Amino acid sequence: MSALLPTLRRKLAGLRGYSASEITMVAPSLVLLGLARLAILFLPFRFYARVLGTVASQGLPAPPLTAGLDNRARSIGRSVRATARITPWKSVCLPQAMVASLLLRVGGVPHVVHFGLAPGDAKPDAAPMQAHAWIVAGKRIVTGAPVLPEYRIVSSFASPPPAT
């Protein structure tokens, strides 16, 4: 119990830099990150891919945002990333992208989710490829930053769907 109080004080002190709307998104983000983790573990990609948007051409640029939508995208990204750091399970790029995409869609923020691959380490026990997911809204990387230049985009999802 005595070790809990300093930890709680430190966590609460970390909230000082966040707005009230960002703090209110922590609880829903936590639940959604848990559901995303379960979906990744137990369901094929095609079942939860709908959360990411509509399949789009690879490397589709995100549409420009108004200042208000850009602020909303920034807040959603900050909340999802901050919440991902405190989950007791792995909340890496894919669950973050799933949750942020859903919250951006609810918030009316157009965005594109990208999946990329990069060559892995040359070590014998390392994975031959590295995968990464990130979201772009306007000129902002909402989740998944930093995106290294060696990642080659292999799939993109847009929300709302690109105009045809």
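This is a predicted model: local features need pLDDT of at least 70, side-chain atom pairs count only at pLDDT 80 or more; totals for chains, interfaces and linings use all residues.
A residue is called buried when its relative accessible area is under 20%, and exposed when that value is over 50%.

## Overall composition

The secondary structure of the protein consists of six helices and five strands. Along the sequence these elements follow the order α-α-α-α-β-α-α-β-β-β-β. The protein has 164 residues, of which 38% count as buried. Among contacts with a separation of 6 or more, 73% are made by residues 24 or more positions apart. The protein exposes about 9,700 Å², and carbon and sulfur atoms supply 65% of that area.

## An enclosed helix

Helix H6 covers residues 93–106. The buried residues are Leu94, Pro95, Gln96, Ala97, Met98, Val99, Ala100, Ser101, Leu103 and Leu104. What covers them includes the helices H3, H4 (45–48) and H5 (67–86), together with the strands E2 (111–119), E3 and E4. Just after H6, glycine 108 takes a positive phi of about 75 degrees.

## A nonpolar patch on the surface

Val31, Leu35, Leu38, Leu41, Phe42, Leu43 and Phe47 form a nonpolar surface patch with about 710 Å² of accessible area together. Helix H3 (residues 26–42) supplies the largest share of the patch, namely five residues. Valine 31 is found in this helix. Because its relative accessible area is 52%, valine 31 counts as exposed.

## Salt bridges

Three salt bridges are found in the whole structure. The table lists each pair with the distance between the nitrogen and oxygen atoms.

| Pair | N to O distance |
|---|---|
| Arginine 74 and glutamate 22 | 3.4 Å |
| Arginine 78 and glutamate 22 | 3.1 Å |
| Arginine 140 and aspartate 70 | 2.9 Å |

Arginine 140 lies in strand E4 and aspartate 70 in helix H5, so this pair ties together parts that are 70 residues apart in sequence. Arginine 140 is partly exposed, with a relative accessible area of 26%, and aspartate 70 is also partly exposed, at 22%.

Glu22, Arg74 and Arg78 are linked in a network of salt bridges. Glutamate 22 is buried, with a relative accessible area of 2%. Arginine 74 is partly exposed, at 31% relative accessible area, and arginine 78 is partly exposed, at 23%.

## The hairpin and the cis peptide bonds

Strand E3 (residues 129–137) and strand E4 (residues 140–143) pair in the antiparallel sense over three bridges. Valine 136 has isoleucine 141 in E4 as its bridge partner. Two residues lie between the strands of this hairpin, where glycine 138 takes a positive phi near 65 degrees.

Most residues other than glycine have a negative phi, and most peptide bonds are trans. The bond from alanine 145 to proline 146, however, is cis, with omega near -5 degrees. Proline 146 is placed in the loop between E4 and strand E5 (152–159). A cis peptide bond also joins serine 159 and proline 160, with omega about -5 degrees. Proline 160 is found in the segment after E5.

Note on methods: Residues are numbered from 1 along each chain as its sequence is written. Side-chain values use heavy atoms; hydrogens and water are left out. Helices (H or I, at least four residues) and strands (E, at least two) are DSSP runs, numbered from the N terminus. Buried means under 20% relative accessible area, exposed over 50%, partly exposed in between (1.4 Å probe, protein chains only). Contact means heavy atoms within 4.5 Å. Accessible areas come from the Shrake-Rupley method with a 1.4 Å probe; for residues, only the protein chains shown count as cover. Patches are made of residues with over 30% relative accessible area and no salt bridge: like charges are joined within 9 Å, nonpolar side chains (Val, Leu, Ile, Met, Phe, Trp, Tyr) within 5 Å. A salt bridge is a side-chain nitrogen of Lys or Arg within 4 Å of a carboxyl oxygen of Asp or Glu. Two strands pair if DSSP finds at least two bridges between them. The expected span of a helix is 1.5 Å times one less than its number of residues.
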